[in-house]
Amino acid sequence: MSHHLALFWIMLRAALLSTTGTGNLPIVHQDLLSRGWATDRQFAESLAIGQISPGPTGLWVISLGYFVGGLRGAAVTLVAIALPPLLVLVLVQGLYRRWSYHPAIQGFVRGLGLAVAGVFVIVLTGIMNTAGWNSTNLIITLGAIVLGAMRRVPVLVVLVLAAIVGIALF
Amino acid sequence: MGDSQTQSEQPFVGGRPSPWRLFWIWTVIGAQSFGGGSATLYLIRRVAVERHAWLSDDDFTRYWGICQIAPGINILGLVILIGWRVAGVPGALLSLSGLLLPSAAITVALTSIYASIREAPVVRAAIAGVVPATVGLGLLLAFTMVRPLLNSARREGRASTLVAVVLLLVSTIVAALARTPVLAILWGAGALSALAQWQLVPRQRWPR
């Protein structure tokens, strides 16, 4: 149980201290990997599952919560990501309406977003370190970028294609 | 955004749905919005603004602006604000759970199915292909996160652009080299950017 409580706290803290569905990723990544509760492979897997399931970007943590703590882990993660926007928006709605366009607030959000993207790239290179920097992997990565950049191709198709390539080659 | 920020919010004129109906409307959005955040946002706008007229286009944009600085998933903040407008705190709770429950349930179902076949050789091979693809899509995601931030900095002038580029590079390098707590990097970059922005953006451009 304390395990699930700790998971809840990690997820809650990460969601409270970041914005967007991927802003919490660098924090969750550091917290869970340092405890040995999740692996880089599980991160990649939950990101992939998050991409193919419906709903807003950011539900990948529910998948990760399942890997770490089963059904209960997924449930505490769901509560942990629902609470921060609910509490903050309901409690300080008036403040938000008044201050959200202040240059310093806008600046903070911009700096946070830039750093999240920067750290995210480092997390991705970590995942690639685990997978191996061989030419096959690099070609798949490049192919996913090219296909993903063409907005016509759904993410699901990109991932299915990658899976087929994996079955054919590995 | 633009001028819409300075106008006050329009009063609520749409019909108030029953609690069950409100929950159901959001459930349908949650279950059918495949394709990530932009697909969900598009569906929410169509349902809340066009179909039910719960709020105007301007208010939708204003709400979305507020949600950019709310903690957690932005779309959840938007759902909470719209639900709150339609039926107060119960409306916010109903809307949020309506959106989350089906999509979270599908995510859990997919994960548990996957977890049970995870070690099969075919699945291992498939995942060996999917992992680098996820890295590629992740890099693309990082790019789409950075682009609007750099564009808005560029519109403010050379100084803002320089600050943004330096923050991006420094936070990446620090994350790669030092064993720094990630939170320190994220909030440090936020604080520095806030300070710079406060100095660089003239006060009169801050609408009340």
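Trainee: How much area do chain A and chain B bury between them?

Mentor: The size of an interface is often given as the accessible area lost when the parts come together. Here chain A and chain B bury about 8,400 Å² between them, 76% of it on carbon and sulfur atoms; buried area is the accessible area (1.4 Å probe) that two parts lose on being put together, summed over both. Tyr101(A), Arg110(A) and Leu114(A) supply 10% of what chain A buries against chain B, more than any other three residues. This is a predicted model, where local features need pLDDT of at least 70, side-chain atom pairs count only at pLDDT 80 or more, and totals for chains, interfaces and linings use all residues. Residues are numbered from 1 along each chain as its sequence is written, chains are lettered from A and ligands numbered from 1 in the order written, and side-chain values use heavy atoms, with hydrogens and water left out.

Trainee: How many salt bridges does the rule find across the interface of chain A and chain B?

Mentor: A salt bridge is a side-chain nitrogen of Lys or Arg within 4 Å of a carboxyl oxygen of Asp or Glu. The rule finds two across this interface. Arg118(B) forms a salt bridge with Glu45(A), with the closest N and O atoms 3.1 Å apart.

Trainee: Over the face of which ring does Arg118(B) lie?

Mentor: A charge sits over a ring if NZ of Lys or CZ of Arg is within 6 Å of the ring centre and within 35 degrees of the ring normal. Arg118(B) lies over the face of Phe67(A), at 5.7 Å from the ring centre.
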